[in-house]
Amino acid sequence: ASAFAPAALPAHRAQSRSGVTMQLWGEGKVQGRGVQAIPFSAPPSTLPADMVGYVGFDPLGFSTLVDIRLLRESELKHGRAAMLAAAGAIAQDLFTFPGVEKVVGKAKMTGAHDALIAGAHAGNKQSFAMHQIIFWVGLIEIITLPAIFEMLNGSPRKPGDFSFDPLGLNKKSDGRMELAEIKNGRLAMIGIGGMIHHYLLTGKGPIQFLTGIPNYKSCIEPHLGALCK
């Protein structure tokens, strides 16, 4: 029988696996268990320590008020939207699609939004692109609602899972792609917030802003011509 027993790990390997290492999902689902994000304040018991991306951070106690599955669904959805938004904000500084300047001029980010709304009110049919975005995003929200309701009613569906993985990345990653999505989504939410904040202050996109340091205060209001040069 001893021939079939697994060999013991070397001491140094066994010791290295006992601690938290980069929150790897495949390493015994260690995640951030044992982490105390806020000194002298233990995380709520309603915050599952085995959830992907767990770091014990819920200072306002949202998990005690709302179903944690719904909170994770919201976090994933906002993270995915933020990753797309951050990529789009950077792309605006690197490439301009033909015909865009005829509709919004040099405006970007929130300025492009305002220009499209103003153009639509003026009767410019091309400016209704913003309305199309709102329509399609709203339609996707409505279509995906049944899956969320089923999850909250006991379905085995995981938060954020819409069976969309055409490349099969998550099947091969032992769950590491789930952790990567959470971390990149959280970073993107912070990142796009910073990009919009800088744009409101300087009228410049993220690449323009970075390349203009330390002279980033060259514009007070967006799109005021010479003031933004």
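Trainee: How many cavities of 30 Å³ or more does the count come to?

Mentor: The model is a predicted one. Rolling a probe the size of a water molecule over the atoms shows where empty space is left. The largest cavity has a volume of about 40 Å³. With the threshold at 30 Å³ or more, the count comes to 1 cavity.

Trainee: Which helix gives the most to the lining of the largest cavity?

Mentor: The lining consists of Glu75, Leu76, Gly79, Arg80, Glu181, Ile182, Gly185, Arg186 and Met189. At least two of the lining residues come from each of helix H2 (68–94) and helix H7 (176–202). The helix that gives the most, with 5 residues, is H7.

Trainee: How many charged residues are in the lining of the largest cavity?

Mentor: Glu75, Arg80, Glu181 and Arg186 are among the residues of this lining, and Asp, Glu, Lys and Arg count as charged. The lining also has 3 nonpolar and 2 polar residues. The number of charged residues is 4.

Trainee: Which residue forms a salt bridge with Glu75?

Mentor: Side chains of opposite charge can pair when their charged atoms come close. A search of the whole structure finds 9 salt bridges. In the one formed by Glu75, the closest N and O atoms are 2.6 Å apart. Glu75 lies in helix H2 and its partner in helix H7, so the pair ties together parts 111 residues apart in sequence, and that partner is Arg186.

Trainee: Which element supplies the largest share of the lining of the second largest pocket?

Mentor: This pocket holds about 510 Å³ of space. Of its 20 lining residues, the closest to the centre are Leu47, Phe57, Asp58, Glu75 and Arg186. H2 and H7 are the elements that give two or more residues to the lining. The largest share, 5 residues, comes from H2.

Trainee: How many nonpolar residues does the lining of the second largest pocket have?

Mentor: The lining has 20 residues. By class, 4 are polar and 4 are charged. The nonpolar residues number 12.

Trainee: Are H4 and H7 roughly parallel or roughly perpendicular to each other?

Mentor: Helix H4 (residues 109–121) packs with H7 at an angle of about 70 degrees, the axes being 8 Å apart. Angles of 65 to 115 degrees count as roughly perpendicular. H4 and H7 are therefore roughly perpendicular.

Trainee: How many charged residues are in the contact of H4 with H7?

Mentor: Met109, Thr110 and Gly111 in H4 meet Ile192, Met195, Ile196, Tyr199 and Leu200 in H7. The contact residues include 6 nonpolar and 2 polar ones. As for charged residues, there are no charged ones.

Methods
Residues numbered from 1 in each chain as written. Predicted model: local features only at pLDDT ≥ 70, side-chain atom pairs only at ≥ 80, totals over all residues. Heavy atoms only, no water. 1 Å grid on protein atoms, 1.4 Å probe; cavity = no way out; pocket = protein on both sides within 12 Å on 5 of 7 lines; lining within 4 Å. Points joined across faces, edges and corners; volume = space filled by probe spheres on them. Helix = DSSP H or I, 4+ residues; strand = E, 2+ residues; numbered from the N terminus. Axes fitted to C-alpha atoms, helices over the stretch in contact; angles between N-to-C directions. Parallel < 35°, antiparallel > 145°, perpendicular 65-115°, else oblique. Contact = heavy atoms within 4.5 Å. Salt bridge = Lys/Arg side-chain N within 4 Å of Asp/Glu carboxyl O.
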